[in-house]
Amino acid sequence: MTEMATRQEVAEAQWATTLRANGRRVTRQRLAVLAAVDLSPHATTEDITASVRVELPDITVQSVYVVLADLTGLGLLRRIETPHSPARYETRVDDNHHHAVCTGCGRIEDVDCAVGHAPCLTPQWPEGASPMTIQIADVVYQGLCTDCR
Ligand SMILES: [Zn+2]
Ligand SMILES: [Zn+2]
């Protein structure tokens, strides 16, 4: 329990620093959204709203959307798009990790990136193509989890 509280406090202090550095006020809404995503990685907006409402019963889904978009823009959250699923959010932002999705039950697991920074794949441009500067290679593994196998 003590360890959890400490980790949460450290995280909150870092979020507050980043928010202030970007000219944002450190509000209960922003901290509650960050804490909800931190406790439940790969949460959907619906999950996050339900979790934030325990503490802030009056927050609207629209407000949660706005906060999520802003925090994602600041780099505090990473938004992930997986097949057949609404957007999900996580606080593990800095390591370019990938995701494995179970095609049976939809559960999502983190998969470490062998390279650790984006892009971890570079395309072989065909003759005559106009090569782009690649920023991100989105890798999504799909398969069956142990429960669904
Ligand atoms: Zn499964
Ligand atoms: Zn993840």
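In which hand does α3 pass α4? The crossing is right-handed, meaning that the near helix is turned clockwise from the far one by less than a right angle. The model is a predicted one, in which local features need pLDDT of at least 70, side-chain atom pairs count only at pLDDT 80 or more, and totals for chains, interfaces and linings use all residues. Residues are numbered from 1 along each chain as its sequence is written, with chains lettered from A and ligands numbered from 1 in the order in which they are written.

Helices α3 (residues 45-55) and α4 (residues 61-73) pack at about 110°, and their axes lie 10 Å apart. The two are therefore roughly perpendicular (angles of 65 to 115 degrees). On the α3 side, the contact (C-beta atoms, placed from the backbone, within 7 Å) uses Thr-45, Ile-48, Thr-49 and Val-52, and α4 brings in Val-61, Val-64, Tyr-65 and Leu-68. Of these residues, six are nonpolar, two polar and none charged.

As for helix α2 (residues 28-39), its twelve residues should span 16 Å at 1.5 Å a residue, and the end C-alpha atoms, 16 Å apart, agree with that. Its buried residues (20 or more other C-beta atoms within 10 Å) are Ala-32, Val-33, Leu-34, Ala-36 and Val-37.

Then there is Thr-82, which sits in the loop between β2 (78-80) and β3 (88-90). With 17 other C-beta atoms within 10 Å, Thr-82 is partly exposed, a class that falls between buried and exposed (12 or fewer). Neighbours within four places in sequence aside, Thr-82 contacts Arg-88, His-99, Val-101, Ile-108 and Val-140.

Definitions and conventions
Axes fitted to C-alpha atoms, helices over the stretch in contact; angles between N-to-C directions. Helix = DSSP H or I, 4+ residues; strand = E, 2+ residues; numbered from the N terminus. Parallel < 35°, antiparallel > 145°, perpendicular 65-115°, else oblique. Contact = placed C-beta atoms within 7 Å. Nonpolar A, V, L, I, M, F, W, Y, C, P; charged D, E, K, R; others polar. Expected span 1.5 Å × (residues − 1).
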